[in-house]
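Let's take a walk through a protein structure and look at how charged side chains pair up. Have the sequence and the 3D view ready.

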Amino acid sequence: MLPAHAGGPVDCRLDFNLSGWSLFYKTSSGTGTVSCDNGQRMSVTLDTKGGGLSFGKSRIDNGVGEFSGVRDISEVIGHYATAEAHAGAVRSSKAQVVSKGDISLALAGTGEGWDVGVAFGRFTISR
C-alpha cells in the first residue's frame, strides 16, 4: 500500500538502468524505481520504441530522471512522447526530456556502447 499524499505537486525521481539497440528501428528496455518526496515509492519497467535514421547498441547504468507536474506517483505510469539526436562511442552521456500531457521527465545517464542517428517514438513506464 502506498502512503497517503497531499493534494499538491510532489517531486519524484526515477533511478534506472536501460539497454537496447537500433537499426532504423530503435528499442530499449530496463527497470527502475520511482521515489517521491511524499514517501511514495514504486518499482517500474521501462520500454522504448521508435524509428528514424538510427543505428547502434547502448547501455545506461544508474541513470536518473526528474519528473515535473506530478501530484501522485500513479501519474508517472504511461506512454511519453520522445525525440532525440544522439552520437556516442564507448562511454557516452545522454540527456533527454520526454512528456505525457502536463508531466515531463528529464532523463540523464552515462553508459557504454555506440550509436549514431536521430530517433523518435515513445518511452513507456509500467508497473
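Start at Asp-61, which has a relative accessible area of 32% and is partly exposed; that label sits between buried (under 20% relative accessible area) and exposed (over 50%), using a 1.4 Å probe and protein chains only. Its partner is Arg-59: the two form a salt bridge, with the closest N and O atoms 2.8 Å apart. By salt bridge we mean a side-chain nitrogen of Lys or Arg within 4 Å of a carboxyl oxygen of Asp or Glu. Arg-59 is partly exposed too, at 36%.

Before you go on, keep in mind that this is a predicted model, where local features need pLDDT of at least 70 and side-chain atom pairs count only at pLDDT 80 or more, while totals for chains, interfaces and linings use all residues. Residues are numbered from 1 along each chain as its sequence is written, and side-chain values use heavy atoms, with hydrogens and water left out.

Side chains with opposite charges can pair when their charged atoms come close.

Now hop over to Asp-47, whose side chain meets that of Lys-49 in a salt bridge, at 3.3 Å from N to O. Asp-47 has 26% relative accessibility, so it counts as partly exposed. Lys-49 is partly exposed as well, with 32%.

Last stop: Arg-13 and Asp-15, a salt bridge whose closest N and O atoms are 2.8 Å apart.
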